[in-house]
Amino acid sequence: MTTNIDYTALAERYIAVWNETDPAARRKLVEGLYTEDAGYVDPLVSAFGHDAIDATLGAVQSQFPNLVFTLGGAVDGHHDLARFTWNLGPAGAEAIVVGFDVIHIAEDGRIGRVSGFLDKVPAGL
């Protein structure tokens with residue numbers, strides 16, 4: 001089991017990957033943050049492995065250009081789990097999308113799985 005985890009720092013790194021728009025830099029961050037067989041699932045997407053997760057990030061950035069992800073409050077964690085709310089919207093403005101993610105942390109401290117929930121979404125998404 002992983003120990004001495006800084007759950008907030010991990011969530012901040014996770015948000016930073018979602019905000020990285022340079023494809024090469026984003027891919028490097030994905031490889032450093034997620035295990036090779038990591039999974040990301042939410043109501044709209046299911047992605048497994050670095051290629052699929054990176055493609056998902058790029059697709060979301062294309063769908064919501066010029067919007068930024070931010071943490072929506074404190075990060076809560078125990079053992080190999082962390083949970084937090086995130087916001088997506090224009091910098092400094094009200095969020096257009098709000099979600100809640102649960103991160104499952106692998107033995108090496110990287111993310112092994114993300115279970116995502118969408119709490120607020122624009123009509124037609």
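**View 1. His79 in the loop between β4 and β5 of the predicted model****.** His79 lies in the loop that joins β4 (76-78) to β5 (81-89). Its phi is near 50°, a positive value in a residue other than glycine. With a relative accessibility of 48%, His79 counts as partly exposed, because exposed requires over 50% and buried under 20%.

**View 2. Asn66 in the loop between α3 and β3****.** Asn66 is a residue other than glycine with a positive phi, near 65°. The loop that holds Asn66 runs between α3 and β3. Asn66 is exposed, and its relative accessible area is 76%.

**View 3. Ala91 in the loop between β5 and β6****.** Ala91 belongs to the loop between β5 and β6 (97-105). The residue counts as exposed, at 65% relative accessibility. Ala91 and Leu67 are 24 residues apart in sequence, and their C-alpha atoms are 6.7 Å apart in space.

**View 4. Ala11 in helix α1****.** Ala11 is placed in helix α1 and is buried, with a relative accessible area of 1%. When neighbours within four places in sequence are left aside, Ala11 is in contact with Leu71, Val75 and Phe84. Between Ala11 and Leu81 there are 11 Å in space, C-alpha to C-alpha, at a sequence separation of 70 residues.

**View 5. Helix α3 and the elements that cover it****.** Helix α3 takes in residues 50-63, 14 residues in total. From its first C-alpha to its last, α3 reaches 20 Å, close to the 20 Å expected at 1.5 Å a residue. The buried residues in α3 are His50, Ile53, Asp54, Thr56, Leu57, Gly58, Val60 and Gln61. Their cover includes the helices α1 (7-19) and α2 (23-33). It also includes the strands β1 (34-42), β2 (45-48) and β3 (68-71).

**View 6. Packing of α2 with α3****.** The axes of α2 and α3 are 10 Å apart, and the two helices pack at an angle of about 135°. This angle makes α2 oblique to α3, since over 145 degrees would be needed for roughly antiparallel. The crossing of α2 and α3 is right-handed. On the α2 side, the contact is made by Arg26, Arg27, Val30 and Glu31. On the α3 side, it is made by His50, Asp51, Ile53, Asp54, Leu57, Gly58 and Gln61. By class, the residues of this contact of α2 with α3 divide into 3 nonpolar, 3 polar and 5 charged. Among the α3 residues of the contact, His50, Ile53, Asp54, Leu57, Gly58 and Gln61 are buried.

**View 7. Packing of α1 with α2****.** Helices α1 and α2 pack with their axes 10 Å apart, at an angle of about 150°. This angle makes α1 roughly antiparallel to α2, because it is over the limit of 145 degrees. α1 passes α2 in a left-handed crossing. From α1, Leu10, Arg13, Tyr14 and Val17 take part in the contact. They meet Arg26, Leu29, Val30, Gly32 and Leu33 in α2. The contact of α1 with α2 has 6 nonpolar residues, 1 polar residue and 2 charged residues. Arg26 and Val30 of α2 take part in the contact with α1 and also in the contact with α3.

Methods: Residues numbered from 1 in each chain as written. Predicted model: local features only at pLDDT ≥ 70, side-chain atom pairs only at ≥ 80, totals over all residues. Heavy atoms only, no water. Helix = DSSP H or I, 4+ residues; strand = E, 2+ residues; numbered from the N terminus. Expected span 1.5 Å × (residues − 1). Buried < 20%, exposed > 50% of the residue type's maximum accessible area, 1.4 Å probe, protein only. Contact = heavy atoms within 4.5 Å. Axes fitted to C-alpha atoms, helices over the stretch in contact; angles between N-to-C directions. Parallel < 35°, antiparallel > 145°, perpendicular 65-115°, else oblique. Left-handed = near helix turned anticlockwise from the far one by under 90°. Nonpolar A, V, L, I, M, F, W, Y, C, P; charged D, E, K, R; others polar.
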